[in-house]
Amino acid sequence: MGKRVYLSYLLDEDSVVWPGEPTVRIEQDTSIRQDGYNSFKTTLPNHHGTHMDGPAHFNPDGPRLMELPIEYFCFDRVATADVPKGPGEGIVPEDLKLWEEAIRAADLLLLKTGLCKIRDTQPRVYEAQGAFLTPEVCRYLVETFPNLKAIGLDFLSVGTPANQLSKQAHRILFGCHNGKYIPAIEDMDLRPLFETETPLKSVIAAPLRLGKVDSSQVTVIGEFRE
């Protein structure tokens with residue numbers, strides 16, 4: 001069995017979020033000192049932290065996350081593409097040409113821009129000037145790779161607050177273009193992948209099973225090859 005690592009962030013009230021959106025709120029409800037046991041109340045916006053966008057996030061005819069088959073959360077053919085980007089830079093189709101063969105065989109594509117490294121040290125930059133998927137690369141992904149069940153991003157979102165392309169990119173990626181959708185795991189912690197050249201054997205993105213929402217938080221666990 002290979003080494004296992006978390007590829008999702010701890011949910012925290014002070015964590016990054018799309019500007020203007022709320023973060024998780026955690027309140028202690030009872031305590032051992034006063035009540036004999038601990039319990040907590042949590043208010044959790046469904047697009048905060050590492051989460052998986054279901055097609056219904058932007059596609060009115062797309063499935064909600066929990067309407068997807070369980071195979072959309074378990075991956076054993078993982079491709080990783082190194083696409084270094086700075087704040088506010090977009091990923092275009094040419095960035096992925098080198099990785100085409102690997103992506104064709106994959107059910108999960110992880111995009112390593114390196115911006116996960118500034119999430120803690122420059123959180124406001126990470127929030128407001130993140131990397132993004134251009135509409136062109138979203139079209140390229142849905143048209144070229146029929147086996148892809150999901151993509152994972154080491155930056156805040158498919159789109160960025162720094163431009164007006166977010167809605168168009170999301171709509172294409174989530175099936176409004178040709179009916180093919182690719183859910184996106186946003187705000188992933190891919191720092192462990194920068195610490196080794198060992199490839200991932202498998203990834204599980206276990207969702208919080210909420211019935212009515214378009215998307216939800218996922219706990220992502222990766223296993224490296226031995």
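Visitor: What is the accessible surface of the chain, and what percentage of it belongs to carbon and sulfur atoms?

Guide: The model is a predicted one. The accessible surface of its chain is about 11,300 Å², and carbon and sulfur atoms hold 49% of that area.

Visitor: Why is the radius of gyration said to agree with a compact globule?

Guide: The rule takes 2.2 Å times the number of residues to the power 0.38. For 226 residues this gives a value near 17 Å, and the chain has 17 Å, so the two agree. The C-alpha trace spans about 60 × 40 × 35 Å along its principal axes.

Visitor: What makes a residue count as buried, and what percentage of the chain does so?

Guide: A residue is buried when its relative accessible area is under 20%. By that criterion, 50% of the 226 residues are buried.

Visitor: Which secondary structure elements does the chain have, and where does F40 lie?

Guide: The chain has five helices and 13 strands. F40 belongs to strand β3, which covers residues 39-43.

Visitor: How do you know that F40 touches I26, E27, Q28 and D29?

Guide: A contact requires heavy atoms within 4.5 Å. Leaving aside residues up to four places away in sequence, F40 meets that condition with I26, E27, Q28 and D29. F40 and P93, by comparison, are 45 Å apart in space, C-alpha to C-alpha, and 53 residues apart in sequence.

Visitor: How far apart are the mean positions of the positive and negative charges?

Guide: The mean positions of the 24 positive and 32 negative charges are 3 Å apart.

How values were computed:
Residues are numbered from 1 along each chain as its sequence is written. This is a predicted model: local features need pLDDT of at least 70, side-chain atom pairs count only at pLDDT 80 or more; totals for chains, interfaces and linings use all residues. Side-chain values use heavy atoms; hydrogens and water are left out. Helices (H or I, at least four residues) and strands (E, at least two) are DSSP runs, numbered from the N terminus. Buried means under 20% relative accessible area, exposed over 50%, partly exposed in between (1.4 Å probe, protein chains only). Accessible areas come from the Shrake-Rupley method with a 1.4 Å probe; for residues, only the protein chains shown count as cover. Lys and Arg count as positive and Asp and Glu as negative; His and the chain ends are not counted. The place of a charge is taken as NZ of Lys, CZ of Arg, CG of Asp or CD of Glu.
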